[in-house]
Amino acid sequence: MSTISSLPWAQPDAGNAIGLYAQPGLDLSARIEAAVARLQDASIQHGDGLVQSSSLGVEDMVITDLIARHRLPIDIATLDTGKLHAETLDLLHAIEGRYGLTVQVFQPRSEQVLAFVRREGEDAMFRSIELRKACCGVRKLEPLSRMLAGRSAWITGLRRDQSGARAEVGFDEDDGNGRRKISPIADWSWAEVWSYVEQFALPYNPLHDQFMPSIGCAPCTRAIAVGEDFRAGRWWWEDSSKECGLHAKS
Ligand code: SF4
């Protein structure tokens, strides 16, 4: 299990994600300016109705840094499904320690988790897509609905080059449930994300160094091989859209 002190802080190394993906000297000023403007606009428009829904993945760490660095009055929240890697949970302490911000943590209702596990077992997600989605429903969608209750907009780290399903992600779009979904770095490349991490010395999940570009729950995430899609390590046993429902329009 990693500790806070073992979390990687931006130092390029041939064996880590910064060394692999960042482009030294890349000028990010226009990207940053535009992303901050989107966050400022959303904050003015939605006030307390706005929240960053952070997955604690590297894109969300960039957005949290933008919020903190530019002192934007935006709440930050995350889902603790009860199945996250210890390395992911360590980032909560890293955010608090670095920025002095408290991340609101939403967990599934224990009685719903217990009932699901008793009925279907701990490994139900591997038996069918329906059961996997049911698990995501209990552990992610229900707590997300509480996170977003009373909110008019949420901020995500979605990027267009994460997958074909995300190729059309807008900066500010209808989430299908009456709220706006703001994705301020939708147009950033993977190299730009990691160059930002390097330039601003961000803490990040060390699992990104282990070829996990997209990190979800521990049982449902694996490393990807060279040439595989960005989200191939999520629910790798399925032939599906690689989405859990958080970003599906109903
Ligand atoms: S990602 Fe896996 S463990 Fe996490 S909620 Fe979905 S099915 Fe359950």
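Student: Is Asp65 buried or exposed?

Tutor: The general idea is a cut-off on relative accessible area: buried means under 20%, exposed over 50%, and partly exposed in between, with a 1.4 Å probe and protein chains only. In this predicted model, Asp65 has a relative accessible area of 0%, so Asp65 counts as buried. Two bookkeeping points: residues are numbered from 1 along each chain as its sequence is written. Side-chain values use heavy atoms, without hydrogens and water, while local features need pLDDT of at least 70, side-chain atom pairs count only at pLDDT 80 or more, and totals for chains, interfaces and linings use all residues.

Student: Which side chain meets that of Asp65 in a salt bridge?

Tutor: A salt bridge here is a side-chain nitrogen of Lys or Arg within 4 Å of a carboxyl oxygen of Asp or Glu. The partner of Asp65 is Arg69, at 2.8 Å from N to O. Both belong to helix H3, and because they are four residues apart, about one helical turn separates them. The helix labels follow DSSP runs numbered from the N terminus: helices are H or I with at least four residues, strands are E with at least two. Arg69 is partly exposed, at 38% relative accessibility.

Student: Which residues do salt bridges that share partners join into one network?

Tutor: They are Arg31, Arg38, Asp187 and Glu192. Let us take two of the pairs in turn. Arg31 and Glu192 form a salt bridge at 3.0 Å, N to O. Arg31 sits in helix H2 and Glu192 in helix H7, so this pair ties together parts that are 161 residues apart in sequence. Arg31 is partly exposed at 28% relative accessibility, whereas Glu192 is buried at 14%. Asp187 and Arg38 form another salt bridge, at 3.9 Å, N to O. Since Asp187 lies in the loop between strand E6 (180–182) and H7, and Arg38 in H2, this pair ties together parts 149 residues apart in sequence. At 19% relative accessibility, Arg38 counts as buried.

Student: How many salt bridges does the structure hold?

Tutor: The count is 16.

Student: How should I read a nonpolar core, and which residues have the most contacts inside the largest one?

Tutor: In soluble globular proteins, nonpolar side chains tend to be buried together. A nonpolar core is a set of buried Ala, Val, Leu, Ile, Met, Phe, Trp, Tyr and Cys residues joined through side-chain atoms within 4.5 Å. The largest one has 39 residues, and those with the most contacts inside it are Leu39, Val62, Leu66, Trp188, Trp194, Tyr196 and Val197. Elements that give two or more residues to this core include H2 (29–46), H3 (58–69), strand E4 (153–155) and H7 (190–199). H3 supplies the largest share, six residues. For one residue's surroundings, contact means heavy atoms within 4.5 Å. Leaving out residues up to four places away in sequence, Trp194 touches Ala17, Ile18, Tyr21, Ala22, Val58, Tyr204 and His208. A second, separate core has nine residues, including Val51, Ala77, Leu79 and Leu148.

Student: Why is strand E1 largely enclosed by the rest of the structure?

Tutor: Five of the five residues of E1 (50–54) are buried, so the strand is largely enclosed. On one side these are Leu50, Gln52 and Ser54, and on the other Val51 and Ser53. Two strands pair if DSSP finds at least two bridges between them. E1 pairs in the parallel sense with E4 over three bridges, and Gln52 stands opposite Ile155 in E4. E1 also pairs in the parallel sense with strand E2 (75–79), over four bridges. From E1 the chain crosses through H3 to E2 in a right-handed β-α-β crossover, where right-handed means that, with the strands pointing away from the viewer, the path from the first strand over the helix to the second runs clockwise.

Student: Which residues of helix H5 are buried?

Tutor: An α-helix has 3.6 residues a turn, so residues three or four places apart point the same way. In H5 (110–120), Val113, Phe116 and Val117 are buried. Seen down the helix axis, they fall within an arc of 95° (taken from the directions from the axis to the C-beta atoms), so they line one face of H5. The face turned away from that buried side carries the exposed Arg118 and Arg119. Helix H6 (129–148) is part of what covers the buried residues.
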